[in-house]
Amino acid sequence: QVQLVESGGGLVQAGGSLRLSCAASGSIASFNTMGWYRQGPGKQRELVAAITSVGSTKYADSVKGRFTISRDNAKNTVYLQMNSLKPEDTAVYYCNVKAGLNRWYGIDGYWGQGTQVTVSS
C-alpha cells in the first residue's frame, strides 16, 4: 500500500552537488519520519539524515554542514540536498518512511529501491 519513488542520483565530481527526491504514496501515517540511509562499498547501512512530519531532524556527523534534509508534507516528499560531496559519500542511497516521530534508526518501515550516488576524485 506504500510506494517510495526515488530520483536524483548520479555521478558527480568531488566538491559538487546533487539533490535526491523521494515521493511516498499510499497509506502514510500523518505522524511519520522520512529519511535517507546509505550503504557504501564494504560498509554497513547507516542513517544519513531524517526528518519528521513536524520538522525535527537528525543528521549523521559525517554529513553535518554539507547535507540538508527537507520535506513537503502535502506531497509526502522528502529531499536531500548534498553539497561539497566527497568520494566517501559514494553509496547506494535508500529512502525510508516510518510511522511515528523521531524514529531515527531501524530496519522497519517502507523502503525505496535505492539510487546510486558516485563521487569521483
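Mentor: Let us begin with leucine 101, which is partly exposed because its relative accessible area is 36%, where buried means under 20% relative accessible area, exposed over 50%, and partly exposed in between (1.4 Å probe, protein chains only). Leucine 101 sits in the loop between β9 and β10 (110-111), strands and helices being DSSP runs numbered from the N terminus, with at least two residues (E) for a strand and at least four (H or I) for a helix. This is a predicted model, in which local features need pLDDT of at least 70 and side-chain atom pairs count only at pLDDT 80 or more, while totals for chains, interfaces and linings use all residues. Residues are numbered from 1 along each chain as its sequence is written, and side-chain values use heavy atoms, with hydrogens and water left out.

Trainee: What makes Phe31, Val54 and Leu101 a nonpolar surface patch?

Mentor: Patches are made of residues with over 30% relative accessible area and no salt bridge, nonpolar side chains (Val, Leu, Ile, Met, Phe, Trp, Tyr) being joined within 5 Å and like charges within 9 Å. Leucine 101, at 36%, is one of the three residues making this patch of about 290 Å², the areas coming from the Shrake-Rupley method with a 1.4 Å probe and only the protein chains shown counting as cover for residues.

Trainee: Why is the contact between arginine 38 and aspartate 89 called a salt bridge?

Mentor: The closest N and O atoms of arginine 38 and aspartate 89 are 3.0 Å apart, and the term asks for a side-chain nitrogen of Lys or Arg within 4 Å of a carboxyl oxygen of Asp or Glu, so the pair qualifies. Arginine 38 counts as buried at 6% relative accessibility, as does aspartate 89 at 1%.

Trainee: Which other residue forms a salt bridge with aspartate 89?

Mentor: Arginine 66 does, with the closest N and O atoms 2.8 Å apart. This pair also links distant parts of the chain, since arginine 66 is in the loop between β6 (57-59) and β7 (67-72) and aspartate 89 in the loop between β8 and β9, 23 residues apart. Arginine 66 is buried, its relative accessible area being 11%, and a network of salt bridges links Arg38, Glu46, Arg66 and Asp89.

Trainee: Is aspartate 61 buried or exposed?

Mentor: Aspartate 61 is exposed, because its relative accessible area is 65%. Its side chain meets that of lysine 64 in a salt bridge (3.2 Å, N to O), and the structure holds 4 salt bridges.

Trainee: How do you know that cysteine 22 and cysteine 95 are joined by a disulfide?

Mentor: Their sulfur atoms are 2.1 Å apart, and a disulfide is a pair of cysteine sulfur atoms within 2.5 Å, so the label holds. Cysteine 22 in strand β3 and cysteine 95 in strand β9 are 73 residues apart, and both count as buried at 0% relative accessibility.

Trainee: Why is this disulfide called left-handed?

Mentor: The torsion about the S-S bond of cysteine 22 and cysteine 95 is about -85 degrees, so the disulfide is left-handed.
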